[in-house]
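Hi,

Here is the structure I promised to pass on. Have a look, and my notes on salt bridges and the chain contact follow below.

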Amino acid sequence: MQTPSLEARWRYDFLSQGLHWLMVPLLIAIFVVAQIMDALPDGPRAFWWYQLHKSLGMTLWVLALIRLLWALVRPRLAAAPGARWVVFAARWTHRALYLLLIVQPMIGIAHSWLSDFPLRFFGLIRLPTLLAADEALAEIFEEIHGFVGKTLMILVIFHVAAALWHGLWRRDGVFSRMVPYNRAP
Amino acid sequence: MIELTRHTARFGERLWRRGMALVVVAALYLLTAGAARSAEETYRLDNTHTRIQVQWDHLGLSRQSATFRTVEGSLRIDPAQPAEAQLDIVIDATSVDAFSEPFNSHLHGANFFATDDYPKITFVSTEIEITGAKTAQITGILELRGIKRPLRLAASLVYQGAHPLAGVKLALKDAQVLSFQAQGRLRRSAFEMGSLAPLVSDDVELTIDAEFIAQ
């Protein structure tokens, strides 16, 4: 087996970068739509936004799964140099992000089923229901979905702050690992 | 102290690996179970053997009716989960026929279907409630003259299975059919078609006799 070049082990490959940047606007859209649908009174208009939130969320779920599976398969990237706590914080933030990006849509899907709202992917594909409606359980899932959503947003803000810290303050090339069409330093 | 940190780190690694494996298994289960459950069949509405009829009272003198000659539609249904079915109907509004040319052009006009502006009438089911062995309440959104209103249909399944002529006509050898009868009621004034109501009844009764062929 050929050992991957230093460049290959330093920079993220195109698939990882592509998935990462595809998920950025998607996650922002999902979050914005969530705020809109929460603010609207229950009715057909709110329902439309909910459907959009669910469709985008399911798209994100599939992308996150592909990304995780790819991350497990691809050659492991070299850890960026830094203090031990920085490496530790980076590793666990990334892991937590992977976890929540996959778990959060699943909680949402379960919540949809429990509240007896059939899932339709962008109004086109009707998805099967695997859980019977249960109002009490649905409420618990709604709470969890909201809590995990806020946690995810805090993690994302931390992730972005750390990336900017690398890119603007430390200028150690860690930021450009995720930037496509960019040479490593 | 160092030993403890190392121990915690190893524990964290193990927890992460196991937790993530569990998440991946759950996700894959969701995908495969979902795929297995989507034993949904799509039936296409057979325009030749479908009547969508509206009936109303004319000045207390007589019952009048009109039908729509051109109708399209589909029914997606998983026999194991009929409540999850999806019914979509698109009616060509210009095909409304009351069996009288002058009356037809009256119906096409601005006071009624305004077919120049609104050539299509659609119904999309939003909820299906199974009410008996062969009956269901189909709730959906009717869009008529660009106005969307909920409409409830009381439906009863007439037949589901191999086409009765499967043994006779070669073309129907493998055909699976489904047919139902449904009734509903709407107020035409809710769709800005209230001209002459209530002299001519505002309430319009809707009767659907539909045959579907599995795709």
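Predicted model: local features only at pLDDT ≥ 70, side-chain atom pairs only at ≥ 80, totals over all residues.

Asp172(A) and Arg170(A) pair up through their side chains in a salt bridge, with 2.9 Å from N to O. Neither end is hidden away: Asp172(A) is partly exposed at 22% relative accessibility, and Arg170(A) is partly exposed too, at 31%. The cut-off for buried is under 20%, so Asp172(A) at 22% does not count as buried.

Chain B has a couple of its own. Glu205(B) forms a salt bridge with Arg185(B), and their closest N and O atoms are 3.5 Å apart. Glu205(B) sits in strand β11 (residues 203-214) and Arg185(B) in strand β10 (residues 176-187), so this pair ties together parts of chain B that are 20 residues apart in sequence. Glu205(B) is partly exposed, at 31%, while Arg185(B) is exposed, at 52%.

The other one joins the side chains of Arg187(B) and Asp202(B), at 3.7 Å from N to O. Here Arg187(B) belongs to strand β10 and Asp202(B) to the loop between β10 and β11, which puts the partners 15 residues apart in chain B. Is Asp202(B) buried or exposed? Asp202(B) is buried, with a relative accessible area of 17%, whereas Arg187(B) is partly exposed at 47%. Over all chains, the structure holds nine salt bridges.

Now for where the chains meet. The contact takes 22 residues from chain B and 21 residues from chain A. About 1900 Å² is buried between the two chains, and carbon and sulfur atoms give 66% of that. On the chain B side, Trp16(B), Leu30(B) and Glu84(B) supply 29% of the area that chain B buries against chain A, more than any other three residues.

Two salt bridges turn up across this interface. Arg91(A) and Glu13(B) meet in a salt bridge, at 3.9 Å from N to O.

Which elements of chain B each supply at least two residues of the side that touches chain A? They are α1 (2-37) and β5 (81-92). The largest share, 13 residues, comes from α1(B). By residue type, that side of chain B divides into 12 nonpolar, five polar and five charged.

Cheers

Conventions. Residues numbered from 1 in each chain as written. Chains lettered and ligands numbered in written order. Heavy atoms only, no water. Salt bridge = Lys/Arg side-chain N within 4 Å of Asp/Glu carboxyl O. Buried < 20%, exposed > 50% of the residue type's maximum accessible area, 1.4 Å probe, protein only. Helix = DSSP H or I, 4+ residues; strand = E, 2+ residues; numbered from the N terminus. Contact = heavy atoms within 4.5 Å. Buried area = accessible area lost by both parts, 1.4 Å probe. Nonpolar A, V, L, I, M, F, W, Y, C, P; charged D, E, K, R; others polar.
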